[in-house]
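The sequence and structure are displayed below.

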Amino acid sequence: MFWNRFNFCCCLLVGSLVGILPTTVTAAEWGTLTGQFIYTGQVPQPEQLDISRDEAICGKFSDLIVDQGLVTGKKGELQNVFIYLRESKLEESQIHNDYLKLPETVTIQNKGCIFQPHVAGLWVNRQKLLAENKDLCAHGFQVKAYRNTSLNQVLPPGQEMLHTFEYGEKLPLRMGCSIHPWQEGWLVALNHPYFATSDERGRFKIKNLPVGEWEFQLWQEKAGYLAARPEWKRGRIKMKIAPGENDLGVIKVSPAVFAGK
């Protein structure tokens, strides 16, 4: 009788603890998405842009002030392609703990009279945008938003501004400068951290995605929606994320994708 009562009490205690302890997500419930973009056309030569303002300062960076709308490596490695999860609302349990270690700010510098980096992303309500002016001339930092308030802030030399986005955006936002018309960059602001941009090798990686059926968006500034494969209408990829590695392989991007853009 004693042991029966003892076992019964133990069961009640364990059941109570299970109810109050936080649920943890195992590694088997996360997957990583990778791939590489390769442009199949003739490798473009960077086009010099017209330096029409502050020539004495910006002219020193003429080698940097080029059209970055289509940047490739020698073998066609396509840089600056956005890929991100098309999901506006995720449960906290669907965000891997590693993302909670991200820095509180994402920095865009006006440096060499261009934006550095040219493309970037931030997690809305978790990260703020920090714009810095590292040049010896003033810049008019602009971000054209859809759901959020657009930005148009003059930054004197050495100054910076901090901005908080309230809402996630469906598409990347154009950054510009009201003083220097050649300046252009792109920023994605999302309600989650599952985004990436392709690097100088055309490669990208989104780590620790929750497993399951998801839809991803491809976007590139000259092409817009990047429909690199026929089944990817409007640049959208529907796929199942499995535990571990999920590799899309080499993604060939035809010049036809950029026609009319």
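C137 counts as buried, at 4% relative accessibility; buried denotes under 20% relative accessible area, exposed over 50%, and partly exposed the range in between, with a 1.4 Å probe and protein chains only. The model is a predicted one, in which local features need pLDDT of at least 70 and side-chain atom pairs count only at pLDDT 80 or more, whereas totals for chains, interfaces and linings use all residues. Residues are numbered from 1 along each chain as its sequence is written, and side-chain values use heavy atoms, with hydrogens and water left out.

C177 is likewise buried, with a relative accessible area of 7%. Its closest cysteine sulfur is that of C137, and the separation of 7.8 Å is too far for a bond.

## The disulfide

The structure holds 1 disulfide, the term being applied to a pair of cysteine sulfur atoms within 2.5 Å. C58 and C113 form this link, with their sulfur atoms 2.1 Å apart. The link of C58 and C113 is left-handed, with -70 degrees about the S-S bond. C58 belongs to helix α2 (residues 55–58) and C113 to the loop between β3 (105–111) and β4 (114–116), so the pair ties together parts that are 55 residues apart in sequence. Helices (H or I, at least four residues) and strands (E, at least two) are DSSP runs, numbered from the N terminus.

Both C58 and C113 are buried. C137 is in no disulfide, and the nearest cysteine sulfur to it, that of C58, is 4.1 Å away.

In strand β11 (residues 184–190), 6 of the 7 residues are buried, so the strand is largely enclosed by the rest of the structure. Strand β5 (residues 119–123) runs parallel to β11 and is joined to it by 5 bridges; the bridge partner of A120 in β11 is L187. Strand β10 (residues 173–177) runs antiparallel to β11, with 4 bridges between them, and M175 has G185 as its bridge partner in β11. β10 and β11 form a hairpin, with 6 residues between them. Strand β7 (residues 139–144) pairs with β8 in the antiparallel sense over 5 bridges, and F141 stands opposite Q153 in β8.

## The three-stranded sheet

A further open sheet, of 3 strands, has the order β13-β1-β17 and mixed pairing. Its edge strands are β13 (203–210) and β17 (244–253), each of which pairs on one side only. The twist in this sheet averages 15 degrees from one strand to the next. Strand β1 (residues 30–39) and β17 run parallel and are joined by 8 bridges. Across this pairing, Q36 stands opposite V250 in β17.

N246 lies in strand β17 and counts as buried, at 8% relative accessibility. Not counting residues up to four places away in sequence, N246 touches G31, T32, L33, T34, M239, K240 and I241; a contact requires heavy atoms within 4.5 Å.

## Overall composition

The protein has 2 helices and 17 strands. Of its 261 residues, 44% are buried. Among contacts with a separation of 6 or more, residues 24 or more positions apart account for 68%.

The protein exposes about 14,700 Å², of which carbon and sulfur atoms supply 52%. Accessible areas come from the Shrake-Rupley method with a 1.4 Å probe, and for residues only the protein chains shown count as cover.

Technical notes:
Two strands pair if DSSP finds at least two bridges between them. Axes are lines fitted to C-alpha atoms, for helices over the stretch in contact, and angles run from 0 to 180 degrees between N-to-C directions.
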